[in-house]
Amino acid sequence: MIIDLVPIIIGMPAGLKQTSSTIAIGFSVDESAKGTFTQNSVDLNLSPLDREVFVVLAINLDPFTPDMVEGADSKVESSLTTTSQTQVVNLSNSNCLAASGNFIKGDGTSAVAFQSMGSETPPATLEYIGIIATNDFFIQVKGLGNNDAKGMDGKLYGYRAVASADIYAALVQSEVLSA
């Protein structure tokens, strides 16, 4: 029996050439009013003429802690997407790269806190978790049952890359048409 102990080498996605080292981009969004869906866009300053894309390696979303309101549930939900949205979305949305939420369930006599999040950092076998082909990404937040407006902070990790013409066209078309 022969056992191959050669490690799997994870390389660049086909059709892309890395043009920067890993970049960390911080962002935040606050509700415009208590319980109101709010979205911000974050500009990546990509060069479409150079067919530049952003390869996402990891995302960290940190929604604020909901308020403990006696006898009521409260929550703060957040997401990061490649296209504009009309509500906070979850990972079943093809444009959603990360989603997270903090929840408090209360019945008047006791309360329990929960946290829900999609895998923000890929397993070691994945090369990346997404590719952003347009110039920006979008962050969303919405609280419910809180005393004050809430928000979310986060960080996106990745690198710039140049795509071949056919790959770039396919990525942009896929991202725009799925909006």
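User: Is Asn60 buried, exposed or in between, and what is its relative accessible area?

Analyst: Start with the cut-offs. Buried means under 20% relative accessible area, exposed means over 50%, and partly exposed lies in between (1.4 Å probe, protein chains only). Asn60 has a relative accessible area of 38%, so it is partly exposed. This is a predicted model: local features need pLDDT of at least 70, side-chain atom pairs count only at pLDDT 80 or more, and totals for chains, interfaces and linings use all residues. Residues are numbered from 1 along each chain as its sequence is written, and side-chain values use heavy atoms, with hydrogens and water left out.

User: Where does Asn60 lie?

Analyst: Strands (E, at least two residues) and helices (H or I, at least four) are DSSP runs, numbered from the N terminus. Asn60 lies in strand β4. In sequence, Asn60 and Asp153 are 93 residues apart. In space, their C-alpha atoms are 8.4 Å apart.

User: How many helices and strands does the chain have?

Analyst: The chain has 1 helix and 10 strands. From the N terminus on, the order is β-β-β-β-β-β-β-β-β-β-α.

User: What share of contacts joins residues at least 24 apart?

Analyst: A contact means heavy atoms within 4.5 Å. Take the contacts between residues at least 6 apart in sequence: 79% of them join residues at least 24 apart.

User: Which way do β5 and β6 run, and how many bridges join them?

Analyst: Two strands pair if DSSP finds at least two bridges between them. Here 8 bridges join β5 (residues 74-81) to β6, and the two run antiparallel. Val76 stands opposite Asn102 in β6.

User: How many salt bridges are there?

Analyst: The general idea: side chains of opposite charge can pair when their charged atoms come close. The rule asks for a side-chain nitrogen of Lys or Arg within 4 Å of a carboxyl oxygen of Asp or Glu. That gives 4 salt bridges. One of them joins Arg160 to Glu52, with the closest N and O atoms 3.3 Å apart. This pair links distant parts of the chain: Arg160 is in strand β10 (residues 151-163), Glu52 in strand β4 (residues 52-63), 108 residues apart. Arg160 is partly exposed at 21% relative accessibility. Glu52, at 13%, is buried.

User: What does the salt bridge of Asp67 with Lys150 tie together?

Analyst: In this salt bridge the closest N and O atoms are 2.7 Å apart. Asp67 lies in the loop between β4 and β5, and Lys150 in the loop between β9 (136-144) and β10, so the pair ties together parts that are 83 residues apart in sequence. Both Asp67 and Lys150 are buried.

User: How many aromatic pairs are there?

Analyst: Rings of Phe, Tyr and Trp (its six-membered ring) pair if their centres lie within 6.5 Å; planes under 30 degrees apart are stacked, over 60 edge-to-face, and the rest tilted. The count is 1 aromatic pair. It is Phe27 with Phe137, edge-to-face, 5.6 Å centre to centre and 75° between the planes. Phe27 is in strand β2 (residues 23-30) and Phe137 in strand β9, 110 residues apart. Phe27 is buried at 8% relative accessible area, and Phe137 is buried at 0%.
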